[in-house]
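Please read this briefing with the sequence and the three-dimensional view side by side.

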Amino acid sequence: MKLSTILYLSALLIPAVSAHYRWTSLVEGSTVTTAYEFVRQNTNYNSPVTDVTSDDLRCNTGSWASAATTQTANVTAGSVVGLALDQAIYHQGVVNIYMAKAPGSASEFDGSGDVWFKVHEISAITDGGQSITWPDDNLTQVTFTLPSSLPSGQYLLRAEQIALHVAQSFGGAQFYISCAQINVANGGNGTPGPLVSIPGVYTGNEPGILINIYDPIPATYTQPGPAVWSG
Ligand SMILES: *[C@@H]1O[C@H](CO)[C@@H](O)[C@H](O)[C@H]1NC(C)=O
Ligand SMILES: *[C@@H]1O[C@H](CO)[C@@H](O)[C@H](O)[C@H]1NC(C)=O
Ligand SMILES: [Cu+2]
């Protein structure tokens, strides 16, 4: 089959706008918790956020209204946590996981200020312009190990997939976001950082956000955001 035919047939198989993937559940170890039990539910249905200067970039549109009714999960430093989606990721892109420590309880924290640090990322794999692989493609969950030096306390845990299929023009990148609320016990004395604000962390002009991923195939890919804090 010609490449154009293959691309046409794959387009038929992918739902265009009706059913985007959403981060709906906290993952604790190997357990996927109930949808929106510990994850703030948003009000933008299946749509992504595209304005990187909007407060909606923090935990998604309308999610603050559900903060108080979202439960906070008890987890321990050094354990595996993550977020799961209602269906597999299908837009080519990359994943970042951020955390922010709440001054008090996570359910009362709006995530404002220079409070966010990156704890995990899944980037693109490039091959000098020969090929580019999106390892977040087809994933239904993303997990990582909380550093054991993470201080105890309540946190927002924010997952972000940046879909890059129409990112060749400014504002084209699509941010699929949710925040979970967790209470970390048995933590350590680490100093997470660098700390950034959300919005503020991105301008939209980053080489990993404003990018044509098809033509030519990028020789390198630069993951947006700060370096990962690994404890
Ligand atoms: C978390 O632990 C606290 C203290 O033991 C408890 O009151 C709370 O119900 C627990 N939360 C959940 C969601 O299990
Ligand atoms: C995701 O699934 C598609 C369709 O089966 C496949 O072509 C692609 O290679 C997969 N991507 C990864 C990263 O496994
Ligand atoms: Cu789409």
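**Briefing on the predicted model**

Asn 138 is found in the loop between β8 (132–133) and β9.

- With a relative accessible area of 59%, Asn 138 counts as exposed, and its phi is positive, at about 75°, although Asn 138 is not a glycine.
- In the side chain of Asn 138, an N or O atom lies 2.5 Å from an oxygen atom of ligand 2.

**Ligand 1**

- Around ligand 1 stand Phe 38, Gln 71, Thr 72 and Asn 74; taken alone, ligand 1 exposes 370 Å², of which the protein buries 30%.
- When the shell around ligand 1 is sorted by class, it has one nonpolar residue, three polar residues and no charged ones.
- The side chain of Asn 74 has an N or O atom that is 2.4 Å from an oxygen atom of ligand 1.

**The copper ion**

- Ligand 3 is a copper ion, and its protein donors are the NE2 atoms of His 20 and His 91, lying 2.0 Å from it.
- His 20 lies in the loop between α1 (3–13) and β1 (23–28), while His 91 lies in the loop between β4 (80–85) and β5 (93–101), so the pair ties together parts that are 71 residues apart in sequence.
- His 20 is buried because its relative accessible area of 7% is under the 20% cut-off, and His 91, at 10% relative accessibility, also counts as buried.

**The open sheet**

- Four strands form an open sheet in the order β2-β1-β4-β9, with antiparallel pairing.
- Because β2 (31–32) and β9 stand at the edges, each with a single partner strand, one side of each is left without a neighbour in the sheet.
- The antiparallel pairing of β4 and β9 runs over five bridges; Leu 83 stands opposite Val 142 in β9, and Ala 84 has Gln 141 of β9 as its bridge partner.
- Strand β9 (residues 141–145) has a covered face made up of Val 142 and Phe 144, whereas its uncovered face is made up of Gln 141, Thr 143 and Thr 145.

**The loop between β2 and α2**

- Thr 33 has its place in the loop between β2 and α2 (56–59), and Thr 33 is buried, with a relative accessible area of 10%.
- A polar atom of the side chain of Thr 33 lies 2.7 Å from the backbone oxygen of Leu 26.
- Tyr 36 has its place in the loop between β2 and α2, and its phi is near 65°, a positive value in a residue other than glycine.

**Cis peptide bonds**

- In general, most peptide bonds are trans.
- Ile 198 and Pro 199 are joined by a cis peptide bond with omega of about 0°, and Pro 199 is found in the segment after β11 (174–185).
- A cis peptide bond also joins Asp 215 and Pro 216, with omega of about -5°, and Pro 216 is found in the segment after β11.

Notes
Residues numbered from 1 in each chain as written. Chains lettered and ligands numbered in written order. Predicted model: local features only at pLDDT ≥ 70, side-chain atom pairs only at ≥ 80, totals over all residues. Heavy atoms only, no water. Near = heavy atom within 4 Å. Polar contact = N/O pair within 3.5 Å; in protein donor to acceptor, adjacent residues only side chain to side chain. Areas by Shrake-Rupley, 256 points an atom, 1.4 Å probe, with all protein chains shown as cover. Nonpolar A, V, L, I, M, F, W, Y, C, P; charged D, E, K, R; others polar. Donors = N, O, S within 2.8 Å, 3.2 Å for Na, K, Ca; no water. Helix = DSSP H or I, 4+ residues; strand = E, 2+ residues; numbered from the N terminus. Buried < 20%, exposed > 50% of the residue type's maximum accessible area, 1.4 Å probe, protein only. Pairing = 2+ DSSP bridges.
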